[in-house]
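Hello,

Here is the structure for your files, with my notes below it. Please read them with the model open.

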Amino acid sequence: LNLDPEKCSTLAIDTSPPKQRPPSKGACDGYNGVLHIQQGDFGGASGTIFFQYVVGQLQWAEQHNYKPWIHMNEFSKPIFDKVVHTQGPKIEMTMMGGMEIGWA
């Protein structure tokens, strides 16, 4: 996949929040309930929180017929382990355009 930086720089990126919809009474019809997924382990790494926690909770919700609702709070803070993250080859990435890189 080769992306032309000149063509990519003209793409419009809409980062505005979606329009609010009026609440409905049937959003959870057919489900046993709603599973609110809101945080991972305190101090857990991003991969751990996403792959082990969120994906695991999504699987549980599917198995038990719950509608998942993901809205992460700020309980889980990403960690940087200098011993682990400064070993081995370095990887550098260049943001070609779009949003600023920061805390998710």
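What share of the contacts with a separation of 6 or more in the protein chain comes from residues 24 or more positions apart? In this model, which is predicted, such residues account for 74% of those contacts.

Overall layout: the protein chain contains three helices and two strands. Read from the N terminus, the order of the elements is α-β-α-β-α. Of the 104 residues in the protein chain, 9% are buried. The accessible surface amounts to about 9900 Å², and carbon and sulfur atoms supply 57% of that area.

The strands: strand 1 covers residues 33-37 and runs parallel to strand 2, with five bridges joining the two.

The surface: L58, I70 and M72 make a nonpolar patch of about 220 Å². M72 sits in the loop that links strand 2 (66-70) to helix 3 (82-85). Is M72 buried, exposed or partly exposed? Its relative accessible area is 36%, so M72 counts as partly exposed. Residues qualify for a patch with over 30% relative accessible area and no salt bridge, and M72, at 36%, is over that area cut-off.

Regards

Definitions and conventions
Residues are numbered from 1 along each chain as its sequence is written. This is a predicted model: local features need pLDDT of at least 70, side-chain atom pairs count only at pLDDT 80 or more; totals for chains, interfaces and linings use all residues. Side-chain values use heavy atoms; hydrogens and water are left out. Patches are made of residues with over 30% relative accessible area and no salt bridge: like charges are joined within 9 Å, nonpolar side chains (Val, Leu, Ile, Met, Phe, Trp, Tyr) within 5 Å. Accessible areas come from the Shrake-Rupley method with a 1.4 Å probe; for residues, only the protein chains shown count as cover. A salt bridge is a side-chain nitrogen of Lys or Arg within 4 Å of a carboxyl oxygen of Asp or Glu. Helices (H or I, at least four residues) and strands (E, at least two) are DSSP runs, numbered from the N terminus. Buried means under 20% relative accessible area, exposed over 50%, partly exposed in between (1.4 Å probe, protein chains only). Two strands pair if DSSP finds at least two bridges between them. Contact means heavy atoms within 4.5 Å.
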